[in-house]
Amino acid sequence: MMDNKEFDLILFGATSFVGKILSEYLVGEHIESNLSWAMAARSRSKLNALREDLGPKAAGIPVIVADSFDEEALYALCGRTHVVISTVGPYALYGDLLIKICAELGTDYCDLTGEAQWIRRIIAEHETTAQASGARIVNCCGFDSIPSDLGVKFLQDLAQEHFGAYCKHVKMRVKGTKGGASGGTIASAINLFQEAAKDSSLRQELKDPYSICPEGHHFKARQKTIAVEYDEDFNSWTGPFLMAAINQRVVLRTNALLSPSYDANFTYDEGTLTGDGRGGEKRAKRLSTVTRIGMICFALPPVRWLATRFFLPKPGEGPSPEQQDKGFFDLRFFGSNDQGGNIIVKVTGDKDPGYGATAKMLAQAGISLCRDVDKGSFPGGFWTPASIFGVRLFERLQTHAGMTFEALSVSNPRSSHSNVTDMD
């Protein structure tokens, strides 16, 4: 069913903010040879303008016109390619039909959604179909949640190597990050608040960290949400992290999909390091207050309307190329077991996390899904990045996407020595 496809991948939403960055990345010299791909969006004129902006290297790239609600066009699109990469969000508004058709045709798919309520719904509606057709569907292949999900997997592979077992507890702390927000991300957040305002069951679902785990997962370990606390493992105060909710859910779903799982009582949480001492405490409290006020404002329709009308970027807007180049992220993971062993891992990226870095992650995920992930070993269904991608994606991200995965320290009380490097 997947033989003799015209393209390795089709980028759907090529003229979106992230889509343009991703398109520029795909025409770069560092992409492997013989990759056949096409750009798709709803406007032919915008596609042609994008192709012209990309320069001579893009002259031969085919363009495909398709709208998110045009069933005939989407069937034709999905029938021509091994993999669809979608940047068309909010996915809860524009992503349903594409997922349905990929699941029916056996076409692999990946995206950069962070919308847990939509992921839960499409899994319930389409997983059986995807399993029958062989379509591998991988959500959350951007900053949410590749660094978190693969960072945990990298740490846990080290734990198996040094301890002979996975760590029972892992936490991620943001040491540093710099980047801007785009209108598309804000539109997704606004849509979530609008859905939750109308649906009490959704509000309840958003409180469940296991909301996207498979039915019958049986995990009951209490998961933590970081507000303000002192983290002795990092000698720093810690405040909340905006992406923690979706990242935690993805990592917990990975735990449920892996065989064997990390641990039946595995715990995972995320926060932002704000420094030691009184200054660090003040920064953590200020971060917590700003986060709480922001959520309240988004939940109030009049304030939400004013913010989107006059202050926040619109869909299609976002950080400039210069801002993207100056962006970065530096994440630290701490894993521990009940025997006193612990591991610290560092994961970094060299661009604006939500856009410059996300575009590279999503592109490499799509290429890896097409070329590296064997259908016999990974059949159809809904996967997470860490549950389906292996060592080849780690290699791709470090070689072609400006990311690093590094072990900073391994402490094993059962061993005669521990390996420790510079924590900075």
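1. A salt bridge is a side-chain nitrogen of Lys or Arg within 4 Å of a carboxyl oxygen of Asp or Glu. By that rule, the structure holds 24 salt bridges. Please keep in mind that this is a predicted model, where local features need pLDDT of at least 70, side-chain atom pairs count only at pLDDT 80 or more, and totals for chains, interfaces and linings use all residues. Residues are numbered from 1 along each chain as its sequence is written, and side-chain values use heavy atoms, with hydrogens and water left out.

2. Let us start with the overall picture. The protein chain has 16 helices and 15 strands; helices (H or I, at least four residues) and strands (E, at least two) are DSSP runs, numbered from the N terminus. Of the 424 residues in the protein chain, 53% are buried. Here buried means under 20% relative accessible area, exposed means over 50%, and partly exposed is in between (1.4 Å probe, protein chains only).

3. Next, who touches whom? A contact means heavy atoms within 4.5 Å. Among contacts in the protein chain between residues at least 6 apart in sequence, 77% join residues at least 24 apart.

4. R80 pairs with E6, and their closest N and O atoms are 2.8 Å apart. R80 is partly exposed at 28% relative accessibility, and E6 is partly exposed at 46%.

5. Two further salt bridges deserve a look. D338 and K168 meet at 3.3 Å, N to O. D338 is in the loop between β11 (328-336) and β12 (342-349), while K168 is in the loop between α7 (146-163) and β7 (169-178), 170 residues apart. D338 is exposed, with a relative accessible area of 53%. D350 and K360 meet at 2.8 Å, N to O. D350 is partly exposed at 37% relative accessibility, whereas K360 is buried at 9%.

6. Which residues are linked in a network of salt bridges? They are K171, R173, D231, D233 and D269.

7. Finally, the aromatic rings. Rings of Phe, Tyr and Trp (its six-membered ring) pair if their centres lie within 6.5 Å; planes under 30 degrees apart count as stacked, over 60 as edge-to-face and the rest as tilted. The whole structure has 13 aromatic pairs. In one of them, the rings of F143 and F329 have centres 5.1 Å apart and planes at 55°, so the pair is tilted. F143 and F329 are both buried. F378 and W383 form an edge-to-face pair, 5.4 Å centre to centre with 70° between the planes. F378 is partly exposed, with a relative accessible area of 24%, but W383 is buried at 16%. Ring pairs also link F143, F241 and F329 into a cluster.
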